[in-house]
Amino acid sequence: MRGRREVRGAVRAVVWPCLVALFAPSLVSCISVNTPAELHASKGDTVKLSCTFTSTSTPTSKMTVDWSYRPQSGGAPSSLFHFSSRAFPPPAGQFLGRIEWRGVPARGDASLALVNATLSDNGTYTCSVRNPPDVHGSPTSHTVLTVTPRVARVRFSDVAVLLALVLLPSAIITFILIGRMLCPKKRRDQSKAYRSPIEVTEGEEHGAEAKRVSCCDPYMTDSEEEDGYYDLKKGPPVDEGYAESQC
């Protein structure tokens, strides 16, 4: 009889923990925390370290949010921020005065803002949320932040603007003056090049008359005797018999 009781007690000691381990997850809700895997920013930017969570239980005063930071060069993580009913920013260190609470627990938001990011802020940021009784699941998530030097942008200074306002009008006026100097000459050249076919100047008229007299003209011109001879030739025929009778 005593041996049976010992066996039953041993069975209960083994079975009950197994039953609790089997059904406990169904009695306790899970929480899920999510952050972007990577974030990229330029030096001097304000970076939002986004962290959202889902929980079946309404957030209460027992809910806590913890942020930690591990440098890119390695090493142990260090506490960055803590929230429990109110925000507790870092009291010292490289993030002093540069961490702002942007979370809204009622909406499942536990985000931070990193002001004036520097190259030394590169590293891994971990967001951890606890909302009892939701203690199982994935209560933490990691984000890798990469801060790069800001690319120089061209900005017009007061001197550059002043130079532009002075040089631009001067250049326009110069081009206008050059154009006015060249255009009249071009018009005169065009007027000389174009001439009406019936327009003849006095010099050209005398030149034309001079061109009509060639070097052969003195030799080709008939003398006065030859002109008289040709006139007799052209005259009416004379009757020879009549002329002799007169003699």
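Two strands are taken as paired if DSSP finds at least two bridges between them. Strands (E, at least two residues) are DSSP runs, numbered from the N terminus. The structure is a predicted model, in which local features need pLDDT of at least 70, side-chain atom pairs count only at pLDDT 80 or more, and totals for chains, interfaces and linings use all residues. Residues are numbered from 1 along each chain as its sequence is written, and side-chain values use heavy atoms, with hydrogens and water left out.

W67 stands opposite F81 in β6. Strands β5 and β6 run antiparallel and are joined by five bridges. Both belong to an open sheet of six strands, ordered β2-β12-β10-β5-β6-β7. Its pairing is mixed. Strands β2 and β7 form the edges, each pairing on one side only.

Aromatic pairs were assigned next. A pair of aromatic rings is described by the distance of the centres and the angle of the planes. Rings of Phe, Tyr and Trp (its six-membered ring) pair if their centres lie within 6.5 Å; planes under 30 degrees apart count as stacked, over 60 as edge-to-face and the rest as tilted. F83 and W101 are stacked, because their ring centres lie 4.6 Å apart and their planes meet at 10°. This pair links distant parts of the chain, 18 residues apart: F83 lies in strand β6 (residues 78–83) and W101 in strand β8 (residues 99–101). Burial was judged by relative accessible area (buried under 20%, exposed over 50%, partly exposed in between; 1.4 Å probe, protein chains only). F83 is buried at 10%. W101 is partly exposed at 23%.

F95 and Y125 make an edge-to-face pair, because their centres are 6.2 Å apart and their planes stand at 75°. Here too, distant parts of the chain are linked: F95 is in the loop between β7 (87–88) and β8, and Y125 is in strand β10 (residues 123–130), 30 residues apart. F95 is buried at 6%, and Y125 is buried at 0%. Y69, F95 and Y125 form one aromatic cluster.

A nonpolar core is a set of buried Ala, Val, Leu, Ile, Met, Phe, Trp, Tyr and Cys residues joined through side-chain atoms within 4.5 Å. The largest such core holds 26 residues, of which V47, W67, L80, Y125 and V129 touch the most other members. Strands that each supply at least two residues of this core include β1 (30–34), β3 (47–49), β5 (64–71) and β12 (140–148). Leaving aside neighbours within four places in sequence, V47 is in contact (heavy atoms within 4.5 Å) with L39, A41, L112, A113, L114, A117 and L145.

Notes
Helices (H or I, at least four residues) and strands (E, at least two) are DSSP runs, numbered from the N terminus.
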